[in-house]
Protein chains: 2
Amino acid sequence: MDEFSLLTLLAVLASAWIGGLISKRLGYPAILGELIIGIILGPALLGWLAPSGMIDILSEVGIILLMVHIGMEINFKDLGKASWPGLLAAIGGFIVPFILGYYTILHFGGTQMSAIFVAIAVAVTSLATKSRILVDLKLLNTRIAYVLMAGALISDTLALIIFAGIITYIDVGDIDTLGLLWVASKAILFFIVTTLIGIYLLPLLGKYLRKANIKNRTLHFTLILILTFGFSELAEIAGLHSILGAFMAGLFIRDGIFDRQVSKEVNNIFHDVSIGFLAPIFFVSSGFHVTLDVFKTDLSLFISVIIVAIVGKIVGTALFYLPSGHGWREGITVGTGMNGRGAVEIIIAGIGLKMGIISNEIFSILVFMAIFTTLTVPVFLTWTTNWLRKRGELVEQDTRKGYLILGANPLGLYIAEILNQENEVTILDANKEMLTQAQQKGLKTIHGNILEEETLEDANATEKQTFIALTGNSEINLLAAQLANDTFYIPQKIILFSPKKNSVNAKMLDKVDTFTMFANKTKLQPWVNKIDNKNFKEETLDATQKITAENWVESHQKSNKNVLPLFIVNKEGKKRLFHNKESIMPEEKVIYLT
Amino acid sequence: MDEFSLLTLLAVLASAWIGGLISKRLGYPAILGELIIGIILGPALLGWLAPSGMIDILSEVGIILLMVHIGMEINFKDLGKASWPGLLAAIGGFIVPFILGYYTILHFGGTQMSAIFVAIAVAVTSLATKSRILVDLKLLNTRIAYVLMAGALISDTLALIIFAGIITYIDVGDIDTLGLLWVASKAILFFIVTTLIGIYLLPLLGKYLRKANIKNRTLHFTLILILTFGFSELAEIAGLHSILGAFMAGLFIRDGIFDRQVSKEVNNIFHDVSIGFLAPIFFVSSGFHVTLDVFKTDLSLFISVIIVAIVGKIVGTALFYLPSGHGWREGITVGTGMNGRGAVEIIIAGIGLKMGIISNEIFSILVFMAIFTTLTVPVFLTWTTNWLRKRGELVEQDTRKGYLILGANPLGLYIAEILNQENEVTILDANKEMLTQAQQKGLKTIHGNILEEETLEDANATEKQTFIALTGNSEINLLAAQLANDTFYIPQKIILFSPKKNSVNAKMLDKVDTFTMFANKTKLQPWVNKIDNKNFKEETLDATQKITAENWVESHQKSNKNVLPLFIVNKEGKKRLFHNKESIMPEEKVIYLT
């Protein structure tokens with residue numbers, strides 16, 4: 001069993017990739033296709049592939065790296081800000097299916113332990129397709145997206161905490177009070193020790209590396225691997241499962257510990273090695289352990305678990321969501337969005353199977369449950385959001401908020417003032433005089449070299465939604481956008497792109513996911529002069545049909561009108577910036593200068 | 001044996017890391033420390049660690065990924081340009097120890113097969129510490145470095161070709177002519193098929209991905225993994241070893257197939273996962289298979305192999321190097337530089353051990369041989385290069401050649417003209433008029449936007465040694481240096497850094513490994529005017545003591561002299577550019593404008 005088989009590895013990886021690809025094409029997460037292809041090619045159906053020692057070992061490494069990655073995605077600060085509604089949804093969507101799942105298994109004669117494992121699996125939440133489905137349904141900047149994200153993260157954390165408790169409990173065997181106390185203290189000690197290491201030792205290590213100016217990516221990668229396996233081993237020593245150690249390691253390896261750039265690159269490696277290599281091997285091989293007999297032998301249990309999972313999750317979420325005051329309809333929508341099960345569920349089910357706590361039949365049911373619930377998400381969520389949208393109850397909310405505007409020139413100030421009516425705007429410049437003018441207009445200002453990280457840090461760049469660079473120098477604008485993107489992960493970057501010949505090009509903007517302000521190459525100075533001399537007019541123009549921002553500009557250039565389109569205003573009067581990737585819809589209008 | 005053991009994994013990885021770190025601190029490659037720590041902690045000495053199924057499987061994956069990485073490092077173009085001396089050194093340093101090694105084993109009563117395996121192991125070359133040792137010994141821009149690099153690459157390729165032949169041969173068993181023909185054809189077919197895929201199918205795939213604008217790093221990583229395992233499996237089917245498939249896959253995944261940026265990121269992942277994670281596991285576990293008994297039982301064989309390896313390599317290299325006309329002393333120097341054995345040797349020895357072709361004793365001897373020969377490199381090479389240096393026979397030569405200067409302004413032209421006396425200079429600008437002036441001065445010119453990849457490609461940027469950006473706009477200079485670094489891997493980048501307040505900062509230069517021209521923030525215009533009006537003098541100043549370029553500038557600023565240091569000239573009259581990371585040695589002088 002412990003032989004290395006290249007053919008198996010190739011077959012599993014290639015089928016994982018094909019399954020994942022099809023799944024993603026259909027708008028589902030890759031894990032769905034990986035599980036299904038594992039069931040199809042595995043012993044359950046075709047029997048072409050089967051579990052092996054090698055696959056097991058690579059899966060184990062894959063799970064650990066995946067848990068690090070999951071931990072890395074969770075940010076304590078985000079959890080802290082997760083807001084009341086997110087917490088309510090997460091708890092409701094967890095507790096209700098947990099209790100229902102637990103009693104369902106007991107009802108069908110399962111052991112208490114297996115009931116608890118099923119309960120966790122049913123209770124867990126996975127954001128079925130992360131941002132993809134939110135983009136497809138145009139939900140990214142709604143309160144629902146915000147609650148969903150926070151809810152899934154809290155749910156993962158909750159699931160792992162309860163899992164830790166149960167794993168501890170299993171360890172006890174004959175439960176006497178003293179034994180239980182000892183086992184519980186070990187587990188608690190584990191969390192205390194890892195937290196202390198994470199909070200005190202890791203930053204020291206990071207500081208040392210930064211001081212010594214060590215930016216070797218490979219070194220950081222190896223160090224973090226060793227740390228991960230070390231935490232995992234600590235978890236095992238404490239009687240917990242290694243995934244908890246890996247998760248804790250991931251939690252603490254975040255922004256600010258190591259050099260930002262190196263951190264990001266190492267995170268990418270963890271992402272690719274887990275999501276792009278080892279985790280798919282685990283998910284496909286999970287399919288190998290599935291048996292189709294459950295459809296005959298345990299059909300009623302099967303149906304009950306699926307119903308409990310879906311109904312429990314949606315109703316539970318909606319019920320607990322009521323105190324948020326956002327209404328039961330939004331609660332149900334959030335519930336449908338949280339209905340997916342994914343990586344964490346399969347990992348926990350796999351551990352249960354391996355430890356002999358749940359049977360092959362129950363494991364199979366849990367895998368099918370992951371598949372079914374994930375399948376429901378896009379369907380149900382489309383229904384519920386359309387329902388909300390029709391009722392006008394889709395509330396917008398950004399996870400990141402506010403604008404960062406680079407360049408306190410008259411045009412920058414003009415745009416800042418308008419944006420400031422609805423959002424917080426911070427304006428950056430190296431020129432103090434210009435900033436004084438901005439302050440007089442009631443804008444928040446930061447003085448400093450805008451190509452220095454410190455300046456952007458002072459401006460709270462990690463919490464901003466949009467970065468706008470409006471200096472007359474395209475290169476400075478681009479370099480600043482690079483910083484905003486690479487170091488502060490600001491989602492939206494829009495820069496003024498001057499028509500100078502020998503300058504930055506569109507490809508360079510694409511690389512850092514940056515848009516062109518005004519959807520056209522623009523000279524700053526003429527507009528600055530116009531605004532200075534008050535020799536301009538602000539006008540609005542209604543769109544009669546859908547038109548891209550670039551075509552809008554083109555049609556105006558043809559008629560030789562020199563206009564500067566600033567905003568697109570939707571029916572509700574909400575403004576968004578006019579840039580080259582925007583489109584104007586019917587019933588919307590454009591605010592422009594002339 | 002096929003159990004996943006977290007503790008073992010942690011112990012092996014952590015000890016590999018510590019061993020590698022110590023080794024690197026002492027100026028040796030990490031593999032040396034990894035082998036030694038494996039011997040110390042393994043059954044041979046302390047017995048704390050031992051081989052296991054898990055370690056084996058992870059090692060196998062590690063070897064495959066490492067072979068891809070080794071293949072990626074070899075560039076057909078470089079091999080083609082490897083030059084006559086490099087080829088001579090590689091062949092001489094291969095054949096002589098190969099033959100000596102072969103007969104040594106036969107003499108000691110070994111089988112023909114084991115003799116061939118030892119022969120390859122003895123013949124192989126590893127650049128002991130890659131560029132590190134070359135930097136330490138200040139050899140980077142010498143002909144020796146160039147020959148060493150080319151020699152090591154050719155030797156790797158040679159070793160793998162012969163290995164392929166032998167593996168094929170082993171497969172035959174009872175050798176009849178028809179059987180041999182069949183086995184040989186399969187092997188040849190493998191190389192034809194993989195080459196055809198590499199030359200025709202892969203570029204098509206790359207083109208498709210680029211056309212569809214698919215730049216997903218994870219997708220590329222998974223694809224290349226599947227390709228690698230596919231090639232490896234093809235090799236196995238053809239009766240060869242999987243490492244040959246992985247090597248072929250690595251050879252063909254090079255620049256130009258996929259998007260440059262994505263390619264580079266995926267290469268980084270292969271590098272880190274192999275060098276930073278799985279390969280060290282293999283090297284440490286190689287130490288587990290070593291037995292110290294050889295010092296008692298096979299001491300004379302042991303000593304013979306070591307002597308054959310060292311003397312055969314150095315003498316063989318020097319001998320075959322004679323026709324190059326570079327003298328026997330340079331030949332010996334190259335021989336001492338090529339004396340290290342490393343990854344490829346240990347991989348081949350490991351395969352021999354696994355296949356039962358070589359005994360544990362011979363495997364141990366080969367591991368110790370790798371350790372000893374690697375240890376000799378810095379010592380011997382220091383002696384021989386000092387010897388050459390004293391005799392004034394250390395010839396300079398760059399693997400990449402020539403300068404790329406951005407900015408055809410008068411200062412740029414002035415510097416270009418001087419550099420052009422000794423090296424090829426290409427000057428880039430978006431301004432055609434200025435380029436006409438450059439052409440009149442006999443300079444090679446390229447017209448185009450210097451921030452577009454195409455312009456740099458036209459200028460053959462991948463083959464240049466130094467990139468100089470001398471426009472008055474620091475941001476353009478920096479963006480161009482980014483491109484030169486990230487996309488064209490130009491080793492030396494030096495840019496004019498203007499003293500404007502709100503601009504690029506030193507940290508941004510560091511990120512792309514770029515130096516400051518003139519070792520000081522400099523305004524372009526005053527010097528352009530001076531040169532235009534012929535209102536300047538070129539002067540030289542001898543250095544009396546070692547001084548950094550920055551201190552040199554500072555001392556002149558104190559005395560209020562406005563000077564622009566251009567070059568440092570060494571005793572031999574060779575000029576190098578004056579930048580912030582340079583130092584002026586005694587007996588050197590500085591050429592500056594005033």
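This is a predicted model: local features need pLDDT of at least 70, side-chain atom pairs count only at pLDDT 80 or more; totals for chains, interfaces and linings use all residues.
**View 1. The open sheet of chain B has six strands.** Read across the sheet, the order goes β3-β2-β1-β4-β5-β6, and the pairing is parallel. In general, strands of a sheet pair through backbone hydrogen bonds, either parallel or antiparallel.

**View 2. Zooming in on β2 and β3 of chain B, we see a parallel pair.** How many bridges join β2(B) to β3(B)? There are four, with β2(B) covering residues 425-429. For one of the residues here, Asp429(B), the bridge partner in β3(B) is His447(B).

**View 3. Two helices of chain B meet the strands.** Helix α18 (residues 410-420) of chain B lies across β1 (403-406) and β2, and runs at about 160° to β2(B). Then there's helix α21 (residues 474-486) of chain B, which packs on the sheet and touches β1, β4 (466-469), β5 (492-495) and β6. The direction of α21(B) makes about 175° with that of β5(B).

**View 4. Here chain A meets chain B.** On each side, 53 residues are in contact with the other chain. Which helix gives the largest share of chain A's side? That's α10(A), with 11 residues. Helices supplying at least two residues each include α1 (6-25), α3 (53-73) and α12 (260-288) of chain A. Sorted by type, chain A's side has 27 nonpolar, 15 polar and 11 charged residues.

Definitions and conventions. Residues are numbered from 1 along each chain as its sequence is written. Chains are lettered from A and ligands numbered from 1 in the order in which they are written. Two strands pair if DSSP finds at least two bridges between them. Two residues are in contact if their C-beta atoms, placed from the backbone, lie within 7 Å. Axes are lines fitted to C-alpha atoms, for helices over the stretch in contact, and angles run from 0 to 180 degrees between N-to-C directions. Ala, Val, Leu, Ile, Met, Phe, Trp, Tyr, Cys and Pro count as nonpolar, Asp, Glu, Lys and Arg as charged, and the others, Gly among them, as polar.
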